[in-house]
Amino acid sequence: MLIQHLSRRLRELDTQSLRRQRRIAQSPCAPHRQTGAAHAPARPMLSFCSNDYLGLANHPALVDALAEGARRFGAGSGASHLVSGHSLAHEQMEEALAGWLSPHIPGARTLSFATGYLANLALLTALGDGQASIFADKLNHASLIDGALLAKASLQRYPHGRLDLLAGQLAQCRTPIKLIVTDAVFSMDGDLADLPELLALAEAHDAWLVVDDAHGFGVLGEHGGGSLAHFGLRSERLVYMGTLGKAAGLAGAFVAAHPVVIDWLVQAARPYIYTTAAMPAIAHAVCTSLQLIAGPEGDARRARLRRWTAILRAELGALTRETPRLGWRLAASDTPIQPLVVGSNNMALALAASLERQGLWVPAIRPPTVPANTARLRITLSAAHAEEDVRALTSGLALAAGRPS
Ligand SMILES: *Cc1c(COP(=O)(O)O)cnc(C)c1O
């Protein structure tokens, strides 16, 4: 019965062009990548799909730091943080990250997590108890949505960016604790939340602002300080979640907040308590990554990223204007997330397939990750790309659009 039921549901996904497929990468995360089935000859692809914005995922200094961390601290952590898995490497990483965030959250402490998904579940379930209300942007990342659904708090969602409606919801709220929860950079659209205005609302309504900076940390702000640095924000009411698997090139996440918030997470956050601590070698390597991100090399990488973003936007802006019949829309984004919205699932898949035949790897993103009829190519840029890579993509899209370039 179960197998028949699931087989039917899988066929439904097929007919709606919603079936998801994995590709096998046979070489490290980098723009030029060998892909293909395990036992078939690998095929070179030029990829625009990773969140490795600074090109650190395969940086020799991080590979070395991981190896050194493993030699010093071993491979596995052996247990959860509260049992015996919390190592000096984790502690030093948390201290370094607290220093990073303390200009924006006075007196901040941090807590590290094995993944950003877990950090968001932890935050929202531990802070969102029966006394709380959660206010969430409708385009928030799935992990924030799942955390809010799992929390005991009442949940209200506001349409993307509609802070006027959020203000109304806050004014009517009667619970003593209010949590406004938002992506800083929306992961499938690339646009920024209006964090200054959100913080002003939090202050006006005695609420807290939970910011998920998965795509801003290391990318935005001076020296890659992230979205709070980008906007120059400073407040005790901020609860910040940053991830370490995107720009930082490794894996894991952290929460930075008022020390009492951190103390409470350690006591109450089940996704923190009941999981094995991440490998200490990763935490050890994060310290090297932070130095790269904040140093001159990080600045140079962010400058490249901004150049590629400008070139891509200029080229694709022209292409969409010249081919209005296709109905393609380049999202309004200044970040390395540059979605090209094409509409139907079929069209998004066909466009991705057409690029794939040209050796270009760009993922088609479909519902439920994005709203219906807004299927898109989610183009992401990296400092590891070269200018000719970006131009290869724009030529490939021009060819797919039927415009000779
Ligand atoms: C990727 C992502 C996460 C999850 O982080 P992981 O470390 O990959 O689990 C959370 N929030 C947003 C906005 C993300 O893009």
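Modeller: Over residues 44–393 the chain is 44% helix and 18% strand, with the end C-alpha atoms 15 Å apart; helices (H or I, at least four residues) and strands (E, at least two) are DSSP runs, numbered from the N terminus. This is a predicted model, in which local features need pLDDT of at least 70, side-chain atom pairs count only at pLDDT 80 or more, and totals for chains, interfaces and linings use all residues. Residues are numbered from 1 along each chain as its sequence is written, and side-chain values use heavy atoms, leaving out hydrogens and water.

Biologist: Why is serine 17 called buried?

Modeller: Buried means under 20% relative accessible area, exposed over 50%, and partly exposed in between (1.4 Å probe, protein chains only); serine 17 has 13%, and therefore counts as buried. Serine 17 lies in the loop between helix H1 (2–15) and strand E1 (32–35), and has a positive phi of about 55° although it is not a glycine.

Biologist: What makes histidine 223 partly exposed?

Modeller: Its relative accessibility is 36%, so histidine 223 counts as partly exposed. Histidine 223 is placed in the loop between strand E7 (208–212) and helix H9 (227–231), and its phi is positive, about 55°, although it is not a glycine.
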